[in-house]
Amino acid sequence: ESRSVGELPEDTTLIYDLHQMPDGTVYLAAGPAGKLLKQDGDEVVEVADLPDEQVFALGEYDGKLLVAISGETSRLAVLEGDELTTLTELEGVRYIWDVLTHEAGSILAATGTEGKLLRVRPDDDEPVVELLDTQQANILCMAIDQQGRIIIGTDEDGLVLRLEEGEEDGYQAFAVYDAAEPEIGALLIGSDGSLYVGTA
């Protein structure tokens, strides 16, 4: 059985991502024009309107909602009260498709259209470091396996890649699956360690 938990604003026709905070509040990344929404009882209310930007991914950083904002200059922001505060701008990045907190103080950003994996540490002198260039158009999704390894899914050749730490800050990528479809849209690590892959 399913039931509606709230109507979206009239100009919102897409939900790109959902995230539930520890206090139970559910936030929605919506579009086509960028909007951050939240469920408030039986209503869905607007928290932020980003008409020239888009929000495809939500996460959590330092106890706050992490919002990945794509645009002419993409950026990572956190929600403080009802205001978005930019942590870091990602120069040269058109899309942020997914975000994960990795180690303490670190955010992983899956980006396009140059298919790069970035590590963001907002408090560092060099806040943005490129960990991997996949030579694909986009990295669409990420997961962390039970051994703490990063798994990514790409758009162009439909690859699932497992990352192994290389020299310095970089990673080496090993293909664990090459799908017939061009896009890997979702990854999930099961409780038994199985990797589930959604393609398109």
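These notes cover the fold, surface, aromatic residues and backbone of a predicted model.

1. Basis. In this predicted model, local features need pLDDT of at least 70 and side-chain atom pairs count only at pLDDT 80 or more, while totals for chains, interfaces and linings use all residues. Residues are numbered from 1 along each chain as its sequence is written, and side-chain values use heavy atoms, with hydrogens and water left out.

2. Fold. The chain has 18 strands and zero helices (DSSP runs numbered from the N terminus: E of at least two residues for strands, H or I of at least four for helices). Its radius of gyration is 17 Å, close to the 16 Å that the globule rule gives for 200 residues, so the chain is as compact as a globular protein of that length. That radius is taken over C-alpha atoms, and the rule is 2.2 Å times the number of residues to the power 0.38.

3. Burial. Of the 200 residues, 42% are buried. Buried means under 20% relative accessible area, exposed over 50%, and partly exposed in between (1.4 Å probe, protein chains only).

4. Charges. The chain carries 11 positive and 43 negative charges, and their mean positions are 3 Å apart. Lys and Arg count as positive, Asp and Glu as negative; His and the chain ends are not counted. Each charge is placed at NZ of Lys, CZ of Arg, CG of Asp or CD of Glu.

5. Aromatic residues. There are four aromatic pairs in the structure. One of them, Tyr 95 with Trp 97, is stacked, at 4.8 Å centre to centre and 25° between the planes. Rings of Phe, Tyr and Trp (its six-membered ring) pair if their centres lie within 6.5 Å; planes under 30 degrees apart are stacked, over 60 edge-to-face, and the rest tilted. Tyr 95 is partly exposed at 21% relative accessibility, and Trp 97 is partly exposed at 22%.

6. Cis peptide bonds. Most peptide bonds are trans. The bond from Gly 31 to Pro 32 is cis, with omega near 15°; Pro 32 sits in the loop between strands E2 (26-31) and E3 (34-40). Gly 112 and Thr 113 are also joined by a cis bond, with omega about 15°, and Thr 113 lies in the loop between strands E10 (107-112) and E11 (116-120).

7. Positive phi. Asp 62 has phi near 55° and lies in the loop between strands E5 (54-61) and E6 (64-70). Asp 62 is exposed, at 61% relative accessible area. Gln 135 has phi near 65°, is found between strands E12 (128-133) and E13 (138-144), and is exposed at 62%.
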